[in-house]
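Reader: Hi! Could you take me on a close look at one part of this protein, and then show me how the rest is put together around it?

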Amino acid sequence: QVQLVESGGGLVQPGGSLRLSCAASGSGCTIYKMGWYRQAPGKERELVVVISSRGSTNYADSVNGRFTISSDNAKNTVYLQMNSLKPEDTAVYYCYADIRLLTGRNDYWGQGTQVTVSS
């Protein structure tokens, strides 16, 4: 089956930077989209950014211009470069993927990685 493995979260001061990565593993899969969602305490999970297999992106207004997603299709991996981080960016960040297997097409989620922005 499909597994999404995330890395790169942590604690950073306001104005700092972090880079997240997410690798999808699974034989015979076709990836249509990958990206990131986040969930802060007491709030619903929200879109951060997704990137299609063709490279088109969709950023949340709150991160546009500060965060940049990139992908390495050969490695089934996406990266999220987060700059100018703010305390309101504090959340658990979940990797997301829209993947087709032989059994069908589904959404998949990583286990989540904590990002904390605090002085």
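Author: Happy to. Let's start with M82, which lies in strand β8 (residues 77–82); strands here are DSSP runs of E with at least two residues, and helices are runs of H or I with at least four, numbered from the N terminus. Before going on, please note that this is a predicted model, where local features need pLDDT of at least 70, side-chain atom pairs count only at pLDDT 80 or more, and totals for chains, interfaces and linings use all residues. Residues are numbered from 1 along each chain as its sequence is written, and side-chain values use heavy atoms, with hydrogens and water left out.

M82 is buried, at a relative accessible area of 0%; buried means under 20%, exposed over 50%, and partly exposed in between, with a 1.4 Å probe and protein chains only. Leaving aside residues up to four places away in sequence, M82 touches G16, S17, L18, L20, R66, F67, Y93 and V115, where a contact means heavy atoms within 4.5 Å. S71 sits 11 residues from M82 along the chain, and their C-alpha atoms are separated by 15 Å.

Now for the aromatic rings. The structure holds three aromatic pairs: rings of Phe, Tyr and Trp (its six-membered ring) pair if their centres lie within 6.5 Å, and planes under 30 degrees apart count as stacked, over 60 as edge-to-face and the rest as tilted. One of them joins Y37 and W109 edge-to-face, at 5.1 Å centre to centre with 70° between the planes. Y37 belongs to strand β4 (residues 30–39) and W109 to strand β10 (residues 104–109), so this pair ties together parts that are 72 residues apart in sequence. Y37 is partly exposed at 22% relative accessible area, and W109 is partly exposed too, at 37%. W109 also forms a tilted pair with Y96, 5.2 Å centre to centre and 55° between the planes. Y96 itself is buried, with a relative accessible area of 6%.

Stepping back, the protein has zero helices and 11 strands. Its radius of gyration is 14 Å, close to the 14 Å that the globule rule gives for 119 residues, so it is as compact as a globular protein of that length; the radius is taken over C-alpha atoms, and the rule is 2.2 Å times the number of residues to the power 0.38. Buried residues make up 43% of the 119 residues.
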